[in-house]
Amino acid sequence: MERVTEMKKVEDVVIVGGGICGLATAVALKRVGIDAVVLERAETLRTTGTSITLASNAWLALDALGVSHKLSRLYSPLTRSTVINVSNGAVQQISFPQADKGRQVAPKAVHRKALMQALAEELPIKNIHFSCKITSISTELDIQGSSIAVLLMEDGTYIKTKVLIGCDGVHSRVARWLGLGEPVNSGRSAVRGLSIFPQGHQYDHDFTRFVDVSFNGAFVPLTDTELFWGLVIGNSAPLEHRDIAATTPAESIQRDIKEHHCKDFPKVYLDVVSHLDLSTLTWGPLKLRLPWNVIFGNLNKGTITVAGDAMHPMTPDLGQGGCSALEDAVVLGRCIGESYLKNERQLVSSEVAKAIDDYVKERRWRVAGLIAASFVSGWMQDGSSWLKRFIRNAIFYRIFRQYFSNITNYDCGKLPKISSCSPESNSRNKID
Ligand SMILES: Cc1cc2nc3c(=O)[nH]c(=O)nc-3n(C[C@H](O)[C@H](O)[C@H](O)COP(=O)(O)OP(=O)(O)OC[C@H]3O[C@@H](n4cnc5c(N)ncnc54)[C@H](O)[C@@H]3O)c2cc1C
């Protein structure tokens, strides 16, 4: 990959962060004829977390981006969600829609790497720059009097751009520059990893969840030989279980899960954890941006905005962080694309600023709702009081079923069509 050196020219669009959202946003812009430069601080595509479950709304967004076909043929749809109460063995099941119901499709778990590669392949190689960390942002006026963003890179060089999109994750520098409130800790943390069964596993293609007092586990098959699993450690767990040090070896975490945290879990869960590929284990605190920070905060200033976790970090209880990041990409691509096409394929700063206002208006309430719903869902699944356990066991999943169906049955729409593609748009990027 090309390394960015001092750039004298002003870029049209710079996207900070080459995660799911950054790549998807670059693809959306590419589809409407705009070349965006992606700056990623890692040396290559970061695929922390190994797997991601994509609900119907994400598949519709991937459809709009023109990449869903590359992934959907590789992975089977999940049939249902099974919730097992660890203390009394009670089982509740929620079937996922299998046939195309309206435009709703069943969720699928996919490898993060496959998703990121499917997106990266759509972009010209020259547009993704690795080992490029931005350290600060300022603005200046160009000769026409329009504001441009000036990015200071870690290596001391500067990059100037008309439009800046921060897709730089939970600890976003762009969000900080916009003055958005810092993400807060939910008090819970999560461990996740990939388990390998070389001879094939026996498990149904279901999303299986195990709920207990302070620990909630889940696993989901990716392929016939791989299962992705996670464990959420609730804030009612003893402190020593909640704070896993960065230096704790993966073997110790795996042993603690099997011998202490989940020793009463059904054998199937422990079997999945036992097959962990230790190199895939990750853990960390679960953070969120307070919904009112999203509703009332500055999600944009002129032609500078944020998307994905940079805008709306949420707890993973509804599996919507990545799905909604894909929605952001499509809506941003559509708003900026319409402005670009209306202005004879020019990015006119004042017009792009209005387009970004429209993007923010469209996304604000949707993502604030997802943050709140994810938090409530996680809070309910922690059975630390008899009242919570009663609501969780008796009614929560019945309500959740309808609600989950409603939030994932969301169509973020399409991208505007452009009449012809430049030859450049056909060059493909191969990244390992
Ligand atoms: C346990 C867990 C399970 C989850 N499960 C699901 C799920 O099943 N389904 C789902 O939809 N979502 C899920 N999520 C959420 C999902 O992982 C995130 O919402 C998604 O990865 C956000 O993508 P992003 O591109 O916005 O941010 P990120 O993936 O964090 O990407 C940000 C990128 O920006 C780069 N970057 C950061 N700072 C800089 C800088 N200064 N300069 C340059 N580059 C920078 C980083 O290196 C990174 O590559 C889960 C999250 C967790 C924690």
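Which residues in helix 2 meet which residues in helix 10?

1. This is a predicted model, in which local features need pLDDT of at least 70, side-chain atom pairs count only at pLDDT 80 or more, and totals for chains, interfaces and linings use all residues. Residues are numbered from 1 along each chain as its sequence is written, and side-chain values use heavy atoms, with hydrogens and water left out.

2. Asn57, Ala58, Ala61, Leu62, Ala64 and Leu65 of helix 2 meet Cys323, Leu326, Glu327 and Val330 of helix 10 (contact means heavy atoms within 4.5 Å; helices are DSSP runs of H or I with at least four residues, strands are runs of E with at least two, and both are numbered from the N terminus).

3. Helix 2 (residues 56-65) packs against helix 10 at an angle of about 35°, the axes being 8 Å apart (axes are lines fitted to C-alpha atoms, for helices over the stretch in contact, and angles run from 0 to 180 degrees between N-to-C directions).

4. Helix 10 (residues 321-342) also packs with helix 11 (residues 349-381): their axes come within 9 Å and cross at roughly 160°. Helix 10 is therefore roughly antiparallel to helix 11 (angles over 145 degrees count as roughly antiparallel). Among the residues making this contact are Ser324 and Val331 of helix 10 and Val352 and Tyr359 of helix 11.

5. Strand 4 (residues 80-85) and strand 5 (residues 91-95) run antiparallel and are joined by five bridges (strands pair if DSSP finds at least two bridges between them). Isoleucine 84 stands opposite valine 91 in strand 5. The two strands form a hairpin with five residues between them, and glycine 89 in the turn has a positive phi of about 75°.

Notes. Parallel < 35°, antiparallel > 145°, perpendicular 65-115°, else oblique.
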